[in-house]
Amino acid sequence: PARASAAISVRGAREHNLRELDVDIPRGKFTVITGVSGSGKSTLAFDILFHEGQRRYLESLNAFARQFVQPAARPDVDSVSGLPPTVAIEQRASRGGLKSTVATLTEIYHFMRLLYVRLGVQHCPDCELAIAPQSPEQISAQLLRQHRGRRVQLLAPLIAQRKGIYTDLARWAAARGAQQLRVDGAFVPTEPFPRLKRFVEHTIELPLVTLAVNARSEPELRAAVSAALEAGNGVAHVLDERGRISVHSSRRACPRCGRGFAAPDPRLLSFNSPQGWCTGCHGTGIALHEFNAAETGEEAQWLDADQGSAAPCPACAGARLNPVARHLRLQGRAISELTALSVAALGRFCADLRLDQRGAAIALDALAEIRGRLQFLERVGLGYLSLDRAAPTLSGGEAQRIRLAAQLGSNLQGVCYILDEPTIGLHPRDNTVLLGALDALAGARNTLLVVEHDEDTIRHADHIIDLGPGAGTRGGEVIGAGTAQQLRANPRSVTGRLLAAPLRHAA
């Protein structure tokens with residue numbers, strides 16, 4: 001096989017103010033593109049290299065996929081060779097939706113949800129007691145107390161908020177004598193069964209019996225409860241005369257009030273899902289009177305509006321989740337309590353977490369992913385951020401470093417990462433931390449291309465490309481390339497002269 005090129009070669013670049021620019025960028029190295037503002041740095045990095053990499057990727061997709069994503073136009077350049085897959089991490093204000101947080105952007109929240117589902121203990125939101133198994137006789141007695149003198153219908157839940165058309169399930173129910181199924185709250189015939197929307201989540205219940213609850217019907221009630229629990233895999237639903245559904249479980253119920261709970265699902269802890277979000281704010285955590293369940297929080301009217309005076313949602317106090325989700329606890333703490341911690345504080349919690357042998361085995365992979373991502377956030381100087389910090393409130397530099405931390409955790413190799421001034425606004429101490437993170441990214445056999453003015457970053461680079469000599473029409477040329485030492489010896493390079501003899505400021 002042909003050997004991979006040792007450099008990215010750009011020939012005849014004329015995009016914007018670039019003037020027939022020719023340049024070679026070493027692969028697998030840390031390269032800085034510098035020069036005066038307006039000299040063409042971003043044009044070379046983003047408009048030429050990133051867009052060409054993106055265009056090549058999109059053109060490699062099949063015709064079906066390309067109809068949804070239109071490939072970008074080819075940049076004005078004669079040729080770009082030796083270009084690996086490109087990933088851009090730009091310096092810009094975050095445009096994440098109202099439901100995006102530091103935890104979701106870094107995928108930490110996804111692993112926390114798995115941890116809670118596997119090891120969390122459900123508590124009753126009303127009684128604050130841990131749930132426990134309940135016998136069919138206890139459930140029947142509870143129904144007699146709550147619904148005496150009224151008619152109820154017992155149903156067995158078959159599908160709980162899953163996507164699909166479920167025609168086979170309807171045929172299965174019809175073969176067992178069922179004439180109807182309750183689909184998303186409405187009764188529909190099993191024959192002919194209506195065609196459901198395939199990519200919409202559906203809840204399907206099997207109606208078993210409708211009866212009046214009284215002492216005479218107690219044997220029939222007990223039999224119906226047992227049948228519903230068997231068909232519903234330990235869960236039965238009861239529909240009362242007002243159309244309200246109550247959940248009863250032989251495996252998971254409150255020992256005081258008898259309220260039943262379905263087995264935890266990762267969607268229970270998602271504030272992007274109706275299963276988990278707070279019904280008062282639909283997962284945004286703030287009081288927005290016109291926000292509704294059909295919106296995602298990424299609409300322009302929410303992103304463009306100033307939410308900094310917005311009060312926390314009174315129903316969830318900013319936790320974003322409904323009461324059932326907030327009462328699933330790990331070592332006595334809800335997931336919203338942990339995401340309210342800073343990156344550094346959650347790291348300490350995870351380090352101090354003590355589990356028994358079974359729990360440690362279950363949590364092994366998820367905890368490793370959480371700890372790794374927290375460490376990457378600290379490596380880029382973001383240990384102070386709380387995990388529930390909303391994406392629209394992040395500064396451009398914070399958002400960029402979050403994306404950088406996510407790439408550090410991806411373990412990709414052979415990629416060309418393009419960054420736009422990642423050190424902007426950083427304290428010198430954090431600058432050192434960030435440079436170490438960039439070294440780690442380049443050290444994983446990736447090409448790192450950074451547009452930067454910062455002196456420490458320029459001196460730290462393996463290779464420097466200095467554009468100029470001026471801005472606009474006076475720029476667009478390579479006036480120096482090489483190491484910092486080679487640049488200092490180049491009389492044309494303004495950057496080289498400043499590296500050789502830094503400006504002295506009056507005391």
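Figure 1. Helices (H or I, at least four residues) and strands (E, at least two) are DSSP runs, numbered from the N terminus. With a relative accessible area of 39%, Val69 is partly exposed; buried means under 20% relative accessible area, exposed over 50%, and partly exposed in between (1.4 Å probe, protein chains only). Together with Phe64 and Phe68, Val69 forms a nonpolar patch on the surface, with about 350 Å² of accessible area in total. Patches are made of residues with over 30% relative accessible area and no salt bridge, with like charges joined within 9 Å and nonpolar side chains (Val, Leu, Ile, Met, Phe, Trp, Tyr) joined within 5 Å. Accessible areas come from the Shrake-Rupley method with a 1.4 Å probe, and for residues only the protein chains shown count as cover.

Residues are numbered from 1 along each chain as its sequence is written, and side-chain values use heavy atoms, with hydrogens and water left out. Because the model is predicted, local features need pLDDT of at least 70 and side-chain atom pairs count only at pLDDT 80 or more, whereas totals for chains, interfaces and linings use all residues.

**Figure 2. The salt bridge of Arg259 and Asp126.** The structure holds 23 salt bridges, a salt bridge being a side-chain nitrogen of Lys or Arg within 4 Å of a carboxyl oxygen of Asp or Glu. In one of them, the side chains of Arg259 and Asp126 meet at 3.2 Å, N to O. This pair links distant parts of the chain, 133 residues apart: Arg259 belongs to the loop between strand 12 (245-249) and helix 8 (300-303), and Asp126 to the loop between strand 6 (121-122) and helix 5 (136-147). Arg259 is partly exposed at 32% relative accessibility, while Asp126 is exposed at 57%.

Figure 3. Arg244 forms a salt bridge with Asp240, with 3.0 Å between the closest N and O atoms. Arg244 is partly exposed at 47% relative accessibility, and Asp240 is buried at 12%. Another salt bridge joins the side chains of Arg373 and Glu369 (2.4 Å, N to O). These two residues are separated by about one helical turn, because they stand four residues apart in helix 12 (residues 357-379). Arg373 is buried, at 13% relative accessible area, and Glu369 is partly exposed, at 32%. Elsewhere, salt bridges that share partners join Glu52, Arg55, Arg56, Glu59 and Arg74 into one network.

**Figure 4. Aromatic rings at Phe271.** One aromatic pair is found in a search of the whole structure. The pair consists of Tyr109 and Phe271 and is tilted, with 5.2 Å centre to centre and 35° between the planes. Tyr109 lies in helix 4 (residues 108-119) and Phe271 in the loop between strand 12 and helix 8, so the contact ties together parts that are 162 residues apart in sequence. Rings of Phe, Tyr and Trp (its six-membered ring) pair if their centres lie within 6.5 Å; planes under 30 degrees apart count as stacked, over 60 as edge-to-face and the rest as tilted. Arg320 lies over the face of Phe271, at 5.1 Å from the ring centre; a charge sits over a ring if NZ of Lys or CZ of Arg is within 6 Å of the ring centre and within 35 degrees of the ring normal.

Figure 5. Cys313 is buried at 2% relative accessibility, and Cys316 is buried at 5%.

**Figure 6. Backbone features in loops.** A cis peptide bond, with omega about -5°, joins Glu191 and Pro192. Pro192 is in the loop between strand 9 (186-189) and strand 10 (201-212). The peptide bond from Gly468 to Pro469 is cis as well, with omega near 5°. His16, a residue other than glycine, has a positive phi near 50° and lies in the loop between strand 1 (7-13) and strand 2 (21-26).
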